Every structure is written in structure tokens, then in C-alpha cells.
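Let's take a walk through this protein together, from its overall surface down to a couple of individual residues. Have the viewer open as you read.

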Amino acid sequence: MTLQRRLIVAVLLATPIAWLITIGGTYWRATHEINELYDTDMVRLAQQTLAISALIPPADTAQPTPAPLSSSADSGDAGLGDLSVAIWRGSGAPLVLDPEAMQFPRDGDREGFAAAVVNGEPWRLVYLNDPSGHTRVAVGQRIGERNDLVIAYVAGQILPWLLGLPVLLALLIYAVRQAMHPVRRLSTALERRSPEDATPLPMMDVPGELKPLVAAMNGLLARVGALIDQERRLTADAAHELRTPLAAVRAQWDVMQRTHDPDELRQVQTSVTRGMERLDRLVSQLLTMARLDNANHTDFRGSVDWSAVAKQAVSDCLWIANRRDVDIAVEWPAPGQLPIPMAGDTDALIIMLKNILDNAIRYGPRHGLVRLSFSPSLITVDDQGPGVSPEVLPRLGDRFLRAAGNEEAGSGLGVSIARRIAHTHGLNITFAMRNKDSDFGPGLRVTLSRAASG
């Protein structure tokens, strides 16, 4: 069920219920007010009748007949059978002014209001005695008279409400439809939007209740747009990077099929092997990068064992280190100190450290040294290579960025993957050139440190 239908159903249910509650409250209030009015009049009439009864001679026991109204007199809307008065003197029969009072019970000497049944109908009576207790007065009114008045009053209120209820419901339904118009406009705009369109939704003329929703949608569109851009860049760059080694492998394969010279055949086989290694490395790093791009920030629980991370990362780089005759030195903090205590994904951190070491080995000098140093707040990787130019240094970590003049094959993704993993773990990765006066000589230094919070 749509939100609009839910609101309309709620209005259709709530309005009659509120209407009935209002009628019930009006009925209760009208009953209270009418009872208050009539009870007051009955007490006043009983007091006046008791005062007048003192003027009746004590020997008079007759039952006077009420004086009839002449035919020309205007009786208005008087209901003479709805109100009666009875007077008792001593233990004798009542002195009455109308026939209904003959049926009133004397009810001992009690005073105040009481209920009684007179001629099969409920009546409300009020009793009053004189101080001597010799004279007793009762004033009674038919309960039906009060009920008729209450019903007439409530009916007079119900009729306009009943006629106005359909109009009220129609206005409320129209108001609900108009209130839901911004939602329909928003849903229509989203329905017509292209999947690639990450343009933020306009915030103007948006009701206050929908602004958080629109802001959240704009944030989602921005994230989706960024992911689409990442996928496009990754696909385009991967296609570009894969095209060159594939073309080289194909060309070497054609040469290998045509040549019969053993020396040339060995050179071609070596070139094909290197091309296949480059393809394998490139595809592996592309897959890693795609997985990192789609990964969310994770609340890591396991504490990182940097000793195990460093051991595995160095082990993974031994083949290239042996090929280039490069030594890897690992330095640890002083006893009792831990290197960057933190929680994280061990496998991802191995990839991060391996890629940094791999770059230092590949692009440093042959027969050189790479130093991996741990401290309580930093991890640094130093090489003895020529480093990079000041123009390229700020761009290190961009995808597929490779400095010119490198003899080693690469994809330009290793540092980008390392930066992504560092960011996921709340680490900053920075690059700086060392000068010749440093303890390790000139070269490139990669530093990993905790990102500033807040």
C-alpha cells in the first residue's frame, strides 16, 4: 500500500472516530448542563412551594383542581404532564395540584433527590421538609423530558456535522494528495533519471520533512557516481595497460614461431616469460584494486601482529630481491615497545607492505639495500634509488602512474593499492626524498603513520 493510501485510510478512519468522540463528549456535557439547570429549578420550586404551603389552612384536606388555561390563552410549548408538585401535611393524603403527584411516594422523611417510577415512567423527585417536620413537599419531573431535550440539542449539533463530514473528508483527502505531491515529483524525477546521472537532486522547494531524505539521496548519488567513475577509469586503464603486454607477447610469439636460431629463440622465450609475468602481475593487482574499491570501511577487531606481517611481506618479495641482488633489512623498536599498536586485516596489510617493498626493490639500484623500520608511531621503507622528480612526487599513488626511465616492468597499481589499504586502516602514506646527509643516504622514503582523527 502506498504512503498516500495509508494517509487517506488513516484520515477516513480517524475523522469519524474523532467525530463520534466529539458527539459523545457533547452528549455528556449537554446532559450535565441540563440536569444542573432542571435540578436547580426543582429545588427552587420545592422551596417556594414549602413556603406557600404555610398559608394553607391546617383543616383543609381538599385536593384543589388546577385552574385550566382558557382557550384563548397562549400555553406556548408547555408540557404540563412533565412537572408535578405534591404537599403532605402530617400523615394524611397529599395536597396535590395535578394528578401525577398522587402517585409520588412519600419516602419517609428523607430529603434531597431520589428516583421513582410514576405511571410506568421514570421520574426524578426532590423532597423538602419544613423545620417542624409537619409539612413535606415533593417536586418531580419526568426523566424523559430531560432526555428529549438532550437528544434534541445533540441532534441539532449532529445534523450540520453530518452534512459537513463528507466535505471535511474530501478536503482532507485533497490536502493529503497535495501534501504528497513533492514525493510524487521526487519519485518521478528519480524514475526518469539515467543510471549514470549522479547530478544532485535540487533542494529548493523541498518540504522540510523531505530534506533529510533528499540529502541522503544526494549523498548516495555522489557515492554511486564515484563508484561508476572508478569502474570506468579502472576498465579504461586496464584495457590500455593490458593492450601493450598482450601486443608484445603476440609479437614475440609470432617471432618464436618463425625463428630457427637457438639464441634468438632463447631471447624470445625470455621476453614472452617476462610479458606473461607482467600480465599476471597486472591482472592480480587489478583484481585487488577492484576488491578494495568495493570494500567498505570495516571495524577491525583482531590486533595486528606486525612481526608476522613483515615476515610474510619480505618473503613474498625475496624472488625479486634475489633477482636484483638487493638486501632487505628489518629494524624493530626498542624492547618493550610495540610497532603502531592497532587492529586490522592481516592479509590486506601484508599486500600493502609487500607492494611498498616491491617498488623499493624494483626501482632502487641493483646490489643495493632496502630498509624496513618499525617504531611505536611510524613504519618507514627506505631505498637507495634515484627517487622521483618533484613534479611526480605528489602524484605517487595515482593509478597506473609509472615514472619514466624505469627498466622494470610494472602496472602502476602497487602504490595505489597500498594507499587504499592504508586509508581503510586509518593510516596515512606519504612520500619524501631523503638528502645525501641522511643516515641511509639519498633515496625515497615511504612513511606510514596514523591519520589524524576528527
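The accessible surface of the protein is about 27,200 Å², and carbon and sulfur atoms account for 58% of that area (Shrake-Rupley method with a 1.4 Å probe; for residues, only the protein chains shown count as cover). Please keep in mind that this is a predicted model: local features need pLDDT of at least 70, side-chain atom pairs count only at pLDDT 80 or more, and totals for chains, interfaces and linings use all residues. Residues are numbered from 1 along each chain as its sequence is written, and side-chain values use heavy atoms, with hydrogens and water left out.

The protein has eight helices and 10 strands (DSSP runs numbered from the N terminus: helices are H or I with at least four residues, strands are E with at least two). Among its 454 residues, 35% are buried (buried is under 20% relative accessible area, exposed over 50%, partly exposed in between, with a 1.4 Å probe and protein chains only). Of the contacts between residues at least 6 apart in sequence, 65% link residues at least 24 apart, where contact means heavy atoms within 4.5 Å.

Now look at helix 1, residues 3-53, where you will find Ile21. Ile21 counts as exposed because its relative accessibility is 59%.

For a contrasting stop, go to strand 10, residues 443-450, which holds Thr447. Thr447 has 15% relative accessibility, so this residue counts as buried. Beyond its neighbours within four places in sequence, Thr447 touches Leu378, Ile379, Thr380, Asn428, Ile429 and Thr430.
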